Amino acid sequence: MRKCSVIGTGYVGLVTGACLAELGHQVICVDKDEEKIEMLRNACIPIYEAELESLVRNHLESGKLDFSVDIVEAVRASEFVFITVDTPSDEEGGADVGNVEEVARQIAISLNDYKVIVNKSTVPVGTTKRVERIIEEEMNEYHEFDVVSNPEFLREGTAVFDFLKPARIVIGSDSQKAIMLMTELYRGIDAPLLVTDPVSAEMIKYASNAFLATKVSYINAISNICEAVGADVREVALGMGYDSRIGFEFLKPGPGFGGSCFPKDCRALLRIAKDSGYDFKLLEGVLEVNREQQEKMVEKIERVAGTLKGKKVGVLGLAFKANTDDIRESPAIRIVSMLAERGALVSVYDPRAMENAKHELGDMVMFASDSYDVAKDADVLVLLTEWDEFKWLDFLKVKELMSNPIVVDTRNCLDPVVLRKIGFVYEGVGR
Ligand code: NAD
């Protein structure tokens, strides 16, 4: 059992804290947001993430997990200090590491003996060294410490599983002592361990996310060609995926990638490339294809509806993907905004993301109580997030509720044969 603190209790921090407790460690999760900490102390989880609530509840009860706003006390009581704060895009697309630097300063004044400072936030190359320098400069009295880059690869929706059963663990450090302690900390996890230098570890995170984003934009570009030439992108993706060099994953066309990571991390990598003197045209194209894909979805909806002005559009799904309530840079939110700007009367429903969407969309749209409420009097029904519950709707009932039986399925997750048989006009993507 090791003593850990986790600074920043968002998607990554809360999952990290709960999973470290699950591995048997003693954990204090810290956040500057007092309201959030108060909720968590009462086992109230501010985000929707499968398995997380039960894990937090269990370890609050077992005494292995605690929540606090007192970073100094938490750091002083810990052998490992995880940094899991947000690193949003700055005005030039780079990652704003202000929160990481702020936490580094607070760690510096709290040091009381040797600690391993573990950075899990996604940060530009050189940040591990920068954190090291800040702590060196600002600590009150000298104490030995190491800073390790340990990028996080969890996916929202399956975050607990991904943390406990990751494809790999990356540890970037020049300190044998820190590497040994980190290896021991993660002993309960069965995964390949890649030990490297901090700069390479920082690059691994950006290179991985940008590559996955590239796959998404690539298949979206292919889907646009498939539509034009009469091919079915699902068959094409299947045929490609059998080649083990390509694989089946991330070859699903749709409204483009979103979320708190891919768009932000692509922009940050572009910035890193620019600063290093490399013109990363390929990645610029990936972002451009992604933007265009959302515009293409709006054009598709407009085409089937005739015009958008005054038309009632029912929207199923707002989260950037299924099984999360996260709407940060969600393609669905951008598409809904574009539909409303073009004069459509939009009604929306998402199983988990309604509260977050209300802050974002305000009175631009109507918020329905469920999927059938969305369908009521709609001229077009648009599926934007691939939640399972949308696949199992009673489409006979949906058709009766709608003014016009038209469905635009931007995730290709409904069955066109069944829908057409019922009498729907069905539009998918790339087929
Ligand atoms: P988040 O916005 O959900 O949570 C960040 C938390 O940090 C917030 O609760 C905020 O109040 C807190 N915070 C900020 N500054 C603080 C400070 N000075 N002291 C204490 N708390 C502070 O962010 P997230 O989605 O968990 O992402 C965190 C980092 O992990 C980012 O760099 C992100 O790119 C990376 N990451 C995210 C994911 C993901 O799927 N969300 C996956 C892998 C990596």
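Which residue in β3 does Val27 stand opposite? Leu65. Keep in mind that this is a predicted model.

Let me place that pair. Strand β3 covers residues 65–68. Strand β2 and β3 run parallel, and 4 bridges join them.

Now the other partner of β2. Strand β1, residues 3–7, pairs with β2, residues 26–30. The sense is parallel again, this time over 5 bridges. On this side, Lys3 stands opposite Gln26 in β2. And how does the chain get from β1 to β2? Through helix α1, residues 11–22. This β-α-β crossover is right-handed.

Next, empty space. Rolling a probe the size of a water molecule over the atoms shows where such space is left.

How many cavities of 30 Å³ or more turn up? The count is 1. The largest cavity holds about 40 Å³ of space.

What lines the largest cavity? Start with Asn119, Lys120, Ser121, Thr122 and Val123, which are among the lining residues. Ser149 and Pro151 also belong to the lining. Ala201, Glu202 and Lys205 complete the list.

Which element gives the largest share of that lining? Helix α9, residues 198–229, with 3 residues.

Lys120, Glu202 and Lys205 are the charged ones.

Terms used:
Residues numbered from 1 in each chain as written. Predicted model: local features only at pLDDT ≥ 70, side-chain atom pairs only at ≥ 80, totals over all residues. Heavy atoms only, no water. 1 Å grid on protein atoms, 1.4 Å probe; cavity = no way out; pocket = protein on both sides within 12 Å on 5 of 7 lines; lining within 4 Å. Points joined across faces, edges and corners; volume = space filled by probe spheres on them. Helix = DSSP H or I, 4+ residues; strand = E, 2+ residues; numbered from the N terminus. Pairing = 2+ DSSP bridges. Right-handed = clockwise from strand over helix to strand, strands pointing away.
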